[in-house]
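Dear colleague,

My notes on two parts of it follow.

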Amino acid sequence: MNCRLRTSKKAGPDLERIIPPLGVVTRQSTDFQFTDDAIVAASLAAIRERFRENISVEDIVAASGLGLRTLQPRFRTVTGRSMGDDLARRRTDNAVHLLTHTNWPLERVAMASGFGSARRMHRTFVKFFSQSPGEFRDKPSINGRALCD
């Protein structure tokens with residue numbers, strides 16, 4: 001844990017413990033991205049509402065009524081990322097929350113986050129955090145940098 005000695009002229013020295021946040025919990029009421037593109041907005045809503053299911057980009061594209069080559073560039077223009085990246089980010093955010101707030105086995109965390117398997121969650125964590133979900137649970141970090149010493 002990161003600790004440093006803080007001195008106060010009035011009260012004398014005391015110990016201040018700095019505990020960095022593990023993440024930000026997004027409220028559903030603020031978890032949206034405004035866009036005039038109704039199809040991209042519907043795709044974002046579908047990802048937000050269904051990421052815990054074992055859905056794929058193809059499922060989102062099929063629900064839009066457009067083809068992948070039409071929807072993907074529109075989605076990227078509006079959001080700055082691909083549909084696959086958005087889906088992975090939502091699943092990873094959910095898994096991070098579960099890893100830091102529950103003692104669930106990794107397979108259960110993976111299934112509850114929509115990864116479909118612990119193996120798929122493992123690959124995504126290594127890509128995003130340079131560590132496995134188990135390592136993240138033991139010592140949370142972002143891109144290999146420890147959040148707590």
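Which residues of H3 are buried? Please bear in mind that this is a predicted model. The buried residues of H3 are Leu71, Gln72, Phe75 and Thr79. They lie on the same side of H3, because the arc they cover around the axis is only 100°. Arg69 and Thr77, on the other side of H3, are exposed. Among the elements that cover the buried residues of H3 are helix H1 (38-50), helix H2 (57-64) and helix H4 (83-101).

As for the helix itself, H3 spans residues 68-79, twelve residues in total. From its first C-alpha to its last, H3 reaches 16 Å, which is close to the 16 Å expected at 1.5 Å a residue. Glycine 80 follows H3 and has a positive phi, near 85°.

Serine 113 counts as buried because its relative accessibility is 0%, and buried means under 20%. The side chain of serine 113 makes a polar contact of 3.0 Å with the side chain of asparagine 94. With neighbours within four places in sequence left aside, serine 113 is in contact with Phe51, Arg52, Arg91, Asn94, Ala95 and Leu98.

Yours sincerely

Technical notes
Residues numbered from 1 in each chain as written. Predicted model: local features only at pLDDT ≥ 70, side-chain atom pairs only at ≥ 80, totals over all residues. Heavy atoms only, no water. Helix = DSSP H or I, 4+ residues; strand = E, 2+ residues; numbered from the N terminus. Expected span 1.5 Å × (residues − 1). Buried < 20%, exposed > 50% of the residue type's maximum accessible area, 1.4 Å probe, protein only. Arc of directions from axis to C-beta. Contact = heavy atoms within 4.5 Å. Polar contact = N/O pair within 3.5 Å; in protein donor to acceptor, adjacent residues only side chain to side chain.
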